[in-house]
Amino acid sequence: MEKFCVSIPKIELHAHLNGSLSRATLKDLGCLEEDVQIYNKSDIDLQTCFQLFSVAHKATSDVNSVKYVTKQVIKEFADDNVLYLELRTTPREEQNMTEEEYIEAVVDGITSHKSPIVVKLLLSLDRRRSIEEQRKTVKSIIKFKKLYPDIVKGIDLSGNPSFGEFYEDLFIEARYNGLFTAIHCAEIKNDIEAERILNFNPDRIGHGTFLHPESGGSQRLWQMNKMLQIPTEICLTSNVICRTTKSYKEHHIQAWIKDELPFSLCTDDKGVFNTSLSKEFFLAYQHLNLNREQLWKISRNSIDYSFASNREKQELRIKLKEWRQENMQ
Ligand code: 6MZ
């Protein structure tokens, strides 16, 4: 079954660039072994997890390293039989790089990679930053969406959920300018914010951990989620390692499966959590009893939830169908 999970063509919709750097890539960039070691711990929590990103951020503080890691991460996803990848990253200013140069470097990595995979970019707002800083980033995101409409597809809200807030106006502006919206929602318990985000009706939400009453949410939030049917990006390993979910068996995805709500399987930060999309599929088989047919459907349905163009979606559906004819009859 492990082989099946590796070979099935997959769709990745929730991958943070700097959380996705492999040990090999970090070492290539000159990271010390001890830094790389702390990066792959399996017994952290959500707060500690956010400290770990500084390792990757330090290693990607100029345009050349940003372009390099973008290409490396794309190659690693392609090697794992990911056909379509939506990478997300937070535009960041460093001593030798402006926020816009950072975005340009990521776009450069995406346009120059040589792997057999379609890649799109979502740009993230870090919720820790002030509304003024976020507004400035939104302006740049809209500018880059106009410059590279086939690559820059959406906007994300991420960062440590214990800080900051969801500024709806910024997302209204982004949406008005043609960007898709993918918002981290209820990664920790915060019913008021979760309700505000659901009311905004994003194109997708990330995690959705504390929505269902049995995983710490409420009837009201769950009813909203059921009514809106917003596709949810599910990150099994990330939630278990960060201890926002007790175990794989008790993962909140069970509520999505039971109520037949839309979701996709994703890696979140494959470097930090030492995972891959194939591993996430295998965990779903092991702990959630999903069979081959159900795993294939997760891949196929994820195409519908993606921000690809209609033509790209059609091509991906054909590839998945052909793979099924050759491998599952
Ligand atoms: C919320 C997360 C995250 O943007 O520098 N990030 N935000 N929840 C999570 N769950 C574990 N994992 C990663 O990639 C790293 C950044 O992505 C966000 C954080 O803001 C982190 O600093 P980029 O490429």
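1. A nitrogen atom of the ligand has a backbone N or O atom of Gly159 2.9 Å away. This is a polar contact, defined as a pair of N or O atoms within 3.5 Å; within protein, one must be able to donate a hydrogen and the other to accept it, and residues adjacent in sequence count only if both atoms are side-chain atoms. The protein covers 97% of the 510 Å² of accessible area that the ligand has on its own. Such areas come from the Shrake-Rupley method with a 1.4 Å probe; for residues, only the protein chains shown count as cover.

2. A caution on the source. This is a predicted model: local features need pLDDT of at least 70, side-chain atom pairs count only at pLDDT 80 or more, and totals for chains, interfaces and linings use all residues. Residues are numbered from 1 along each chain as its sequence is written, and side-chain values use heavy atoms, with hydrogens and water left out.

3. A polar side-chain atom of Asp269 is 2.7 Å from a ligand nitrogen atom. For Thr90, a polar side-chain atom lies 2.6 Å from a ligand oxygen atom.

4. Next, the shell. There are 19 residues around the ligand, and His57, Thr89, Thr90, Glu187 and Asp269 come nearest. A residue counts as near if one of its heavy atoms lies within 4 Å of the molecule or strand. The shell holds 5 nonpolar, 11 polar and 3 charged residues. Here Ala, Val, Leu, Ile, Met, Phe, Trp, Tyr, Cys and Pro are nonpolar, Asp, Glu, Lys and Arg are charged, and the others, Gly among them, are polar. Helix H4 (residues 46-59) gives the largest share, 4 residues. Helices (H or I, at least four residues) and strands (E, at least two) are DSSP runs, numbered from the N terminus.

5. Which pocket does the ligand take up? It is the largest one. A molecule sits in a pocket or cavity if more than half of its atoms lie within 2 Å of its grid points. On a 1 Å grid over the protein atoms alone, a pocket is an open set with protein on both sides within 12 Å along at least five of seven lines; a cavity is a set of points where a 1.4 Å probe fits but cannot get out; lining residues have an atom within 4 Å of a point.

6. The largest pocket has a volume of about 540 Å³. Of its 31 lining residues, Phe50, Phe53, His57, Asp126 and Gly159 are closest to the centre. H4 gives the most to this lining, 6 residues.

7. The second largest pocket holds about 370 Å³ of space. Its lining has 15 residues, with Glu214, Ser215, Glu250, His251 and His252 closest to the centre.

8. The largest cavity has a volume of about 90 Å³. Gly159 and Glu187 are among its lining residues. Strand E5 (180-185) and helix H9 (191-200) are the elements giving two or more residues to that lining.

Key. Points joined across faces, edges and corners; volume = space filled by probe spheres on them.
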